[in-house]
Amino acid sequence: MEMKKVNGGSIRAIGYDDKRRALVIELSAGTYEYASVSSEMWRRFSTSASLQSFFRDQIDEHFSKRRVK
């Protein structure tokens, strides 16, 4: 999966695997994979004007996650 470097508060890079519906977010505190994320949610997140706010409000507490790094 290709990770895209971003400037979004504590978010350093983001990536999405369409086949697995997995969103990977590299934070300053570690890298996490979020499961069952739709391609529409990925599109909305990756084009959001505020990645940190979108992540906090729409992703972090709404999808199961596991630490990958």
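R21 sits in the loop between β2 and β3 (helices, H or I, of at least four residues and strands, E, of at least two are DSSP runs, numbered from the N terminus). The model is predicted, so local features need pLDDT of at least 70 and side-chain atom pairs pLDDT 80 or more, whereas totals for chains, interfaces and linings use all residues. Residues are numbered from 1 along each chain as its sequence is written, and side-chain values use heavy atoms, with hydrogens and water left out.

R21 is not a glycine, yet its phi is positive, at about 55 degrees. Its relative accessibility is 39%, which counts as partly exposed (buried means under 20% relative accessible area, exposed over 50%, and partly exposed in between, with a 1.4 Å probe and protein chains only). S36 also has a positive phi, of about 60 degrees, and is not a glycine either. This serine belongs to the loop between β4 and α1. At 48% relative accessibility, S36 is partly exposed. Most residues other than glycine have a negative phi.

Charged pairs were examined next. Side chains of opposite charge can pair when their charged atoms come close. Six salt bridges are found in a search of the whole structure (a side-chain nitrogen of Lys or Arg within 4 Å of a carboxyl oxygen of Asp or Glu). One of them joins the side chains of E33 and R20, at 2.8 Å from N to O. E33 lies in strand β4 (residues 30–34) and R20 in the loop between β2 (11–17) and β3 (22–27), so this pair ties together parts 13 residues apart in sequence. E33 is buried, at 12% relative accessible area, whereas R20 is partly exposed, at 46%. A network of salt bridges links D17, R20, E33 and R66.

Another salt bridge lies within a helix. The side chains of E40 and R43 meet at 2.7 Å, N to O. These residues are three apart in helix α1 (residues 39–46), a separation of about one helical turn. E40 is partly exposed, at 40% relative accessibility, and R43 is partly exposed at 43%. R56 and D57 also form a salt bridge through their side chains, with an N to O distance of 3.4 Å. R56 has a relative accessible area of 48% and is partly exposed. D57, at 40%, is partly exposed.

D60 is placed in the loop between α2 (51–59) and β5 (65–67). Its relative accessibility of 19% counts as buried. The D60 side chain makes a polar contact with that of K65, at 3.2 Å (a pair of N or O atoms within 3.5 Å; within protein, one must be able to donate a hydrogen and the other to accept it, and residues adjacent in sequence count only if both atoms are side-chain atoms). Residues up to four places away in sequence aside, D60 touches Y34, F55 and K65 (contact means heavy atoms within 4.5 Å). K65 also lies over the face of Y32, at 5.3 Å from the ring centre (NZ of Lys or CZ of Arg within 6 Å of the ring centre and within 35 degrees of the ring normal).

Four aromatic pairs are present (rings of Phe, Tyr and Trp, its six-membered ring, with centres within 6.5 Å; planes under 30 degrees apart are stacked, over 60 edge-to-face and the rest tilted). The rings of Y16 and W42 are stacked, because their centres are 5.5 Å apart and their planes are at 10 degrees. This pair links distant parts of the chain, with Y16 in strand β2 and W42 in helix α1, 26 residues apart. Both Y16 and W42 are buried. Y16, W42, F45 and F54 make up one aromatic cluster.

The largest nonpolar core holds 18 residues, of which I11, L23, I25, Y34, F45, F55 and I59 touch the most other members (buried Ala, Val, Leu, Ile, Met, Phe, Trp, Tyr and Cys residues joined through side-chain atoms within 4.5 Å). Two or more residues come from each of β2, β3, β4, α1 and α2. Helix α2 gives the largest share, four residues. Beyond four places in sequence, Y34 touches residues including R21, L23, F55 and D60.

L51 is located in helix α2. It is buried, with 10% relative accessible area. Its contacts, leaving aside neighbours within four places in sequence, are V6, I11, F45 and S46. The C-alpha atoms of L51 and G9 are 7.9 Å apart, although 42 residues separate them along the chain.
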